Structures are given as C-alpha cells and as structure tokens.
Amino acid sequence: SSGIGAEIAKLLAKNGYKVGITGRRLDLLTALKTTNPSAFLVSSFDCTAADNAEKLETLAKQLGGLDLLVFSSGIGNFNKHLDYAIENETNQLNVIAFTQIMDWAFNYFNNQKSGHIVGITSISGIRGGKASPAYNASKAYQISYLQAMRQRAFSNKFGVTVTDIRPGFVNTEMAKGPGMFWIATKEKAAKQIYNHIKNKSDVAYVTKRWRVIAVLLKILPSWLYKRL
C-alpha cells in the first residue's frame, strides 16, 4: 500500500498488467486505485492473519487468473534491549506470513505450470546484525527459502520463475537510523525491480551498486565482522 510495493504496482499497471493490490491500510489502497482505476483490484487484509490462502484465492479469481505474485511486505525495528515482542512481531510477518504466502503462490503456479514469484528480501539477510537481530535473520530465511523454491521449480521443469530482490537503503518508511548511504528513491528502486521482473532474474540487488557491498559482506572474516 506504500513504499516500494506501491511504486511497483503503478509500474505494472502502466505496462498493461491487471494488478491486485493488498495491504492492511485500505485508505492507501483506495488512493492508489484512483491513479489507474481500471487496472487495480483492491483486497485489504493483514497477511499475518490465518486466512491468507482464502483471500489470495478470491483475489486471483477476481483477476481472472494470476501470473505474477510480488511479496513486498516487511517489518524491521531496532531492538537495543532485545525485546522479545519486537522480535516476535518481525518473525510473524517476515517468516510466518512470508512462508504461508510463498507456499500458496508456489503451489498455485506449479498447478498451472507457469508463473513468477518475486520476493523483496534485503541485503541485510547476508549477515546477522546487532541492531535488529530478527530482521536480519528473517531476511536470511527469506533468501534461503526463495533459493529452495527456485531449486524446486527447476527440478519440476514447469516454467515457474522465482526472483529474489535484495534492496539496500531505499527512501521509505522502513529506512531508519544513522549511517545510511546510497539511499535510492522508491521510484528508482521500483523501476530497477520492474526490469528484473521482465528479465526474470534469479537474484538482483537494488540499486545495482549494492552488489559491491554484498560481496564485501560475504568475504569479510568473522573476527572482523563481529567488531563492527
């Protein structure tokens, strides 16, 4: 309903897609629909609820089918005192809801022998982070889960594509804290993501320069990383 998700939805609609838009905040979804009324269908729900599959089945039927599912919901907060409530809230959305929706999407596309799943993960999923442990860990889970689904899709040979988009800092409500750099506008991020959707990329960093940071994070030795 906002941020990267809303911008991706606008680009898809502009390029001829019929787009089902979901989220908790109905007012924002309604406002988004007014930008291109004939292109959008609104389904407002909280994806941490238990009836995701029913909601998505209904929306897919209303759309007349489904070819692409983009999961862009996410939450992450600094947790200086390691408050379990904060960690649990993060995991409920980034792990539990993510898994439920990914499983539904994969089975849907597997049954129709075609489709494209796109998960918006994060460069934070490459290594753990002391500022928000559950966020980094949950993004690592998402990265690993998408990789597993990509492997499964390849084995099934049914034409299902799985794309992992790993953004760096993007100027949205999620962007918090000091020390941020290379901050992209949500419009620029969405444009690059849309291009990766068209190209059916396996893994992509947004913006592209964050690939350099990803490489550094992967090769940085543990004895040094723990001192950061």
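Me: First, the definition: helices (H or I, at least four residues) and strands (E, at least two) are DSSP runs, numbered from the N terminus. In which helix is the place of Tyr-108?

Reply: Tyr-108 sits in helix H4. This is a predicted model: local features need pLDDT of at least 70, side-chain atom pairs count only at pLDDT 80 or more, and totals for chains, interfaces and linings use all residues. Residues are numbered from 1 along each chain as its sequence is written, and side-chain values use heavy atoms, with hydrogens and water left out.

Me: Is Tyr-108 buried or exposed?

Reply: Look at relative accessible area: buried means under 20%, exposed over 50%, partly exposed in between (1.4 Å probe, protein chains only). Tyr-108 has 18% relative accessibility, so it counts as buried.

Me: What does Tyr-108 touch?

Reply: Contact means heavy atoms within 4.5 Å. Not counting residues up to four places away in sequence, Tyr-108 touches Glu-57, Ala-60, Gly-65 and Leu-66. Asp-67 is 41 residues from Tyr-108 in sequence, and their C-alpha atoms are 9.7 Å apart in space.

Me: Which residues does Asn-110 contact?

Reply: Asn-110 is in helix H4 too. It counts as buried, at 17% relative accessibility. Leaving aside neighbours within four places in sequence, Asn-110 contacts Asn-156, Phe-158 and Val-160.

Me: At what angle do H4 and H5 pack?

Reply: Two packed helices are described by the angle between their axes and the distance between the axes. Axes are lines fitted to C-alpha atoms, for helices over the stretch in contact, and angles run from 0 to 180 degrees between N-to-C directions. H4 (residues 84-112) and H5 (residues 133-156) pack at about 10 degrees, with axes 9 Å apart. That makes H4 roughly parallel to H5 (angles under 35 degrees count as roughly parallel). By class, their contact has 12 nonpolar, eight polar and four charged residues. Ala, Val, Leu, Ile, Met, Phe, Trp, Tyr, Cys and Pro count as nonpolar, Asp, Glu, Lys and Arg as charged, and the others, Gly among them, as polar.

Me: How many residues has H3, and what span is expected?

Reply: The expected span of a helix is 1.5 Å times one less than its number of residues. H3 (residues 52-63) has 12 residues and reaches 16 Å from its first C-alpha to its last, close to the 16 Å expected.

Me: Which residues of H3 are buried?

Reply: They are Asn-52, Leu-56, Leu-59, Ala-60 and Leu-63. These cover an arc of only 100 degrees around the axis, which puts them on the same side of H3. The arc is that of the directions from the helix axis to the C-beta atoms. Their cover includes strand E1 (19-23), strand E2 (40-44) and H4. The face turned away from the buried side carries exposed Glu-54 and Lys-61.

Me: Where is phi positive in a residue other than glycine?

Reply: Most residues other than glycine have a negative phi, and most peptide bonds are trans. Lys-113 has a positive phi, near 65 degrees. Lys-113 lies in the loop between H4 and strand E4 (115-120). Lys-200 has a positive phi of about 55 degrees and is not a glycine. Its place is the loop between helix H6 (186-199) and E6.

Me: Which residues does a cis peptide bond join?

Reply: Val-206 and Thr-207, with omega about -5 degrees. Thr-207 is in the loop between strand E6 (203-206) and helix H7 (210-219).

Technical notes. Angles under 35 degrees count as roughly parallel, over 145 as roughly antiparallel, 65 to 115 as roughly perpendicular and the rest as oblique.
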